[in-house]
Amino acid sequence: MSTEILMPALSPTMTEGNLSKWLIKKGDTVKAGDLIAEIETDKATMEVEAVDEGVVLDLLFKEGETNIPVNKAIAIIGDPNEKIEVKKQAPVEKVIEEKKVEQNIETKIENKKDDIIDTPSPKIEEDTNLSSAEITMRQALRDTMAEEMRKDNTVFILGEEVAEYQGAYKVTQDLLQEFGKERVLDTPISEHGFTGLAVGAAFKGLRPILEFMTFNFSMQAIDQIINSAAKTLYMSGGQINCPIVFRGPNGAAAQVAAQHSQDFSSWYSQVPGLKVIAPSTPYNAKGLLRSAILDPNPVIFLENEILYGLKGPVNNDVNFSIPIGKANIEKEGKDLTIVTYSIMLQKSKEAALRLKEEYKLDAEIIDLQTLRPLDTETILNSVIKTNRLITVEESWPFGSVGSEIANIVQRDAFDYLDSPVIKVNSADVPMPYSISLEKLYLPQVDDIINAAKKVSYIK
Amino acid sequence: MKKLQKADYIKMYSYMLKIRRFEERAAQLYGMGKIGGFCHLYIGQEAVVVGILMTIDKNDSVVTTYRDHGHMIARGLDPKRIMAELTGREDGYSAGKGGSMHMFSKENNFYGGHGIVGAQVPIGTGIAFTHKYNGEKNICRTYIGDGAMNNGQVFEAFNIAALWKLPVLYIIENNKYGMGTSVDRAAAGLDLYKRGEAFGIPGEKVDGMNIFSIIEAADKAGKYVREGNGPYIIEVQTYRYRGHSMSDPAKYRTKEELDNYKQTDPIEIVKAEILKKKIATNDEIEKINKDTLEEIKNAAEFAINSPFPKDSELYTDVYL
C-alpha cells in the first residue's frame, strides 16, 4: 500500500509552502521519524519528518518549487513491488467553523434560566424561625462556616490570619479552637500560591473556604481563580469541578485609599464558571453562605467590611439556606425600581424613605443577593410594573453590574420603560484618601434621590 | 533502587516508542490541518515521564504542563481519545473542549494539562495537601518546565509545601529552552534543583536522556516524599527535539546541538540495553515497532473520524 506525503501546514496561518530541499531520494527507505524535507513556510524554514514507513516511490515536486498548497501530495512512499497509484487530491478541509458572533438571544436567555433554581428567596418578614436575638453579620458568617464544618469534614478554611489571630476582621473567631489546625490554616502572605493550592485541593475533592483578607489581594491570585477554578470543569469536559468559596471583604472600607478600596463585583460576574454572591444583611449572609459552601462550583462571596458590624435577626436552623440566583424584593413599590446589592442596600432604603416623604414616590427595592447568575426575571417583572429603573452599586461605572442590567432591560422590556435607565456608581477615578473626597467618590443617598427624580422627570 | 524485571524493560521501551510515534503522528495531523491551535510535542523527553511512571502507585496523582500528550500516554490513557482531543472531537478526553493543552482524566488521577506557565505547581501542591488531609499515603507528582522556574507562584508553593510538609514530588523537566529563550538567558543560577534549598527542600539533578538514572532518582525521591518528609525536587536534564510548539522552527539553537542530543536518544538507550541483556531479540523489537505504528495509525484514524461536539455542548459543563 502506498502513502502520500502531503505538504504540511507548519503554522496556524500557513496556506502554501516552498520546497527548499529534499533530504531523501527515490528508492530510499524511510522510517518514522526520519527527516525527509526542508519546507519554507510563511514564517521560517522547517524540517519535516516521515510518519509512515516504506520506500520512496516518487518525489512529486523538485527542490526549489514554490507555492505548493498545504495538503497537496509531495511524495509517495510504499512497497516498491506495488503499482503506484496517485489518489485524487482530497479537498482541503476547513477546520475552523465560522463562529457565530452573536448567539441567538433566545438560547442565551434559556440557558440563564437553567442556571437558576426555581425556589424563591425566603422573606425575613415571613420567617417563623427567626432568632429573637440580633447578631452581627460577622457572627452570622462565622456560625454558618462552623455549622458546615461540623457536618462535613472536607470543609476547611485557609487564609491569612484566619487561625491564631482569629481573623483580620474576626470572622473566623474561635474556629481554630473548635476545629484544630488541620482544618483552620494560617497561610503565608502568598495569595497566588495558596489560592492555587486551594483550587488543587478542590479539584481533588475537598471543599475549601478561602478567605482573602480583602478582595483587593485577590488580584494577586486572579489567574488561579479565573484560569484554573472557573474554567477547568469546562476544559475537562465535565470531569473536574471545583467546589470552593472565595470570601472576604470587598469594596471600600474607610479611608484606606486606592489599593485597599475596590469593588470587584462586575469583574468576577463577567466570568462564566463562577457564581458571585453579595450579601447585605446577617439574615441573607447566613442563608447565602451556606448555599455557597454546598455548591459544587467556585463561588465568589463578596462581603463588606462596613457591614460586618450590622446587626439583625437570623434563621438559626442549621439547614436554612437562600438559593443562589434569587433576588429579594426588599420593599415593594409602584413608582420606580431601585436595583442594588451589598452595602448600597442600606443607602437605597434611606433614599426610599426620603423619596416617599419628600416626593411621594413609592420605590420598589430589589436586593440582588446573587450577581451571577443574575435574577433577571425579578428585575424585569418589577420594571414592567414600575416602568422606571435605577441601579445603585459601589463599583466603577464602566461595565458595571448596572450596565448589564440596563442592557437586559432595554432588550427585554423596552416598551415598558417610561424613561432611560440611570446608573448610580462610584466616581470613575481611583479611591482618594481624604475623607472629603472619599465621600464624594462613593454613591450617597442624595445621588440615589437625584437619579430617582430624573427617571421620574421631577426637577 | 527498584529492581527492574524483564517486563519492565519492554514496558519502558513500548511506552517511550508509543509517545514518539504519537507525537510524530500529531505533527502530521497538525500539518494536515486536522489539529489546530497550539500543539507542544514531547519528542526527546520520553524517558522523563516513562522513568517516573516506573515508580508510580496508581493512586498517586499527577499534574503537568501543556506539553502533556506523553504524560497521558505514560499514565496508560488511550491514545485514541488523546488524539481525538487534539482533533477537537467528542471522543476526546475533554470532549473536544480542552484541546492539546487542557486534558484531564480524573479516574486516572491525572489532573491536567495546564495552559498557564507555573499554574500547575500550586495546584499540584494542593492535590498533595488533599492526600495528606485525607490521611492517604499517596503523593502528587508535579511537573514543572524550566521556564516556570522563574515564576513567582512556584516559590510560593515551594514555601507552603515545605512549611506544611506536603507529599509532593516536584519534577523539573529542564529541556533547556523556555519557548525560544535558553535557560542561561532566563535563570540567574543554572542549578534549578537548588532553588528549593532556601525552603529546606532537597533536590538533585538527573540525566534525562537515560531512563535508568531517572528511575533511580524517582524511586529514592518518591520514598522520601511518601514517608512524610515533605517535598523533594528532581531536575531532569532533557531536550526537546522539536520547537516549542508546532510553529516554532527552533532557529535559536544549532543543528549540531540537536544532533548531539540525538546521539543519546533515550529510546535507543533502552533498546540497546534490551538487546545487550537479551531480554528480546531484534525481531521481537521490530514487532513492537510495527504494532506501535499500527496502534497510533489507528488512533489517528479514530481521531479524524470521531464526530465534532454537538452544538448544544457549547453551553454544557460551565456549571455542575
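Of the 459 residues of chain A, 48% count as buried (20 or more other C-beta atoms within 10 Å of a residue's own, with C-beta atoms placed from the backbone). The model is predicted: local features need pLDDT of at least 70, side-chain atom pairs count only at pLDDT 80 or more, and totals for chains, interfaces and linings use all residues. Residues are numbered from 1 along each chain as its sequence is written, and chains are lettered from A and ligands numbered from 1 in the order in which they are written.

The radius of gyration of chain A is 30 Å, whereas a compact globule of 459 residues would have one near 23 Å (taken over C-alpha atoms; the rule is 2.2 Å times the number of residues to the power 0.38). The C-alpha atoms fill a box of roughly 95 × 60 × 45 Å along the principal axes.

The domains, whose bounds come from an automatic or database assignment, are tabulated here.

| Domain of chain A | Residues |
|---|---|
| domain 1 | 3-78 |
| domain 2 | 130-312 |
| domain 3 | 328-455 |

The C-alpha centres of domain 1 and domain 2 of chain A lie 56 Å apart.

Chain A has 13 helices and 22 strands (DSSP runs numbered from the N terminus: helices H or I, at least four residues; strands E, at least two). Five strands form an open sheet with mixed pairing, in the order β17-β19-β18-β21-β22 (chain A); pairing requires at least two DSSP bridges between two strands. Its edge strands are β17 (328-331) and β22 (422-424) of chain A. β17(A) pairs with β19 (residues 363-367) of chain A in the antiparallel sense over three bridges, and A:I329 stands opposite A:I366 in β19(A).

Notes. A residue is buried if 20 or more other C-beta atoms lie within 10 Å of its own, exposed if 12 or fewer, and partly exposed in between; C-beta atoms are placed from the backbone.
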